[in-house]
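Work through the exercises below with the sequence and the 3D view at hand. Try each task before you read its solution.

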Amino acid sequence: QKEVEQNSGPLSVPEGAIASLNCTYSDRGSQSFFWYRQYSGKSPELIMFIYSNGDKEDGRFTAQLNKASQYVSLLIRDSQPSDSATYLCAVKINSWGKLQFGAGTQVVVTP
Amino acid sequence: GAGVSQSPSNKVTEKGKDVELRCDPISGHTALYWYRQSLGQGLEFLIYFQGNSAPDKSGLPSDRFSAERTGGSVSTLTIQRTQQEDSAVYLCASSLVGSRDRGYEQYFGPGTRLTVT
């Protein structure tokens, strides 16, 4: 069974601070990684994807990938109350694109 | 452009009845996926379509569940003889399957909330 592990949280972050979310995966052959945001009662929304080692920045979001250590992280800079949501890490685990999802980390940004 | 659409948004049905859930993927996306998410739980993969074929049905929980896709576009998920444990949000996603590990981003529809009474 290919595993994707996330800290369930809640991760409490003051407004304006950096939220740091981590995700580890078991399949060393995985090549593609995704972060989804899911508001309560809504469907997952893709916010970042990363395929190469290193950092990828998009606005206030930075995804970091370290394949050697088998972890991927998401940084949210200048956190806003609207960032309060559950963040799902997903890893592509086979050739046709099946994603294995983590259970998600709940983030709460406090004003 | 238009995203993934699903209908109905909510469905309440009596135990033992059949239900059909519909998914309309993003135009041009060849891959389509069905998931379900029970209250407070993670995403559970059900089935994957590439075009009209379903090479991976491994997540369908029982033979009461079936799905088809026609014209490489719209898909329907059918649940026969619904049970209370079928109550969940059923999510559809689509992707433009690429090559060399590109294009596998999945985009989700708003989901269908199914309640079996």
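Predicted model: local features only at pLDDT ≥ 70, side-chain atom pairs only at ≥ 80, totals over all residues.

Residues are numbered from 1 along each chain as its sequence is written, chains are lettered from A and ligands numbered from 1 in the order in which they are written, and side-chain values use heavy atoms, with hydrogens and water left out.

**Exercise 1. Strand β4 of chain B**

Task: Find which residues of β4(B) point each way, and name the strands that bridges join to β4(B).

Solution: 
- Step 1. Locate β4(B) at residues 31-37. Strands (E, at least two residues) are DSSP runs, numbered from the N terminus.
- Step 2. Sort the residues. A31(B), Y33(B), Y35(B) and Q37(B) point one way. L32(B), W34(B) and R36(B) point the other way.
- Step 3. Check burial. Buried means under 20% relative accessible area (1.4 Å probe, protein chains only). Seven of the seven residues are buried, so β4(B) is largely enclosed by the rest of the structure.
- Step 4. Look for partners. Two strands pair if DSSP finds at least two bridges between them. Seven bridges join β4(B) to β5(B), residues 43-50, and the two run antiparallel. Here W34(B) has I47(B) as its bridge partner.
- Step 5. Turn to β9(B), residues 88-95. Seven bridges join it to β4(B), again antiparallel. Q37(B) has V89(B) as its bridge partner there.

**Exercise 2. The interface**

Task: Describe how chain B meets chain A.

Solution: 
- Step 1. Count contacts (heavy atoms within 4.5 Å). 21 residues of chain B touch 20 residues of chain A.
- Step 2. Count polar contacts. Six residue pairs are found, both residues at pLDDT 80 or more. Such a contact is a pair of N or O atoms within 3.5 Å; within protein, one must be able to donate a hydrogen and the other to accept it, and residues adjacent in sequence count only if both atoms are side-chain atoms.
- Step 3. β4, β5 and β10 (107-108) of chain B each supply at least two residues of the side that touches chain A.

Conventions. Buried < 20%, exposed > 50% of the residue type's maximum accessible area, 1.4 Å probe, protein only. Helix = DSSP H or I, 4+ residues; strand = E, 2+ residues; numbered from the N terminus.
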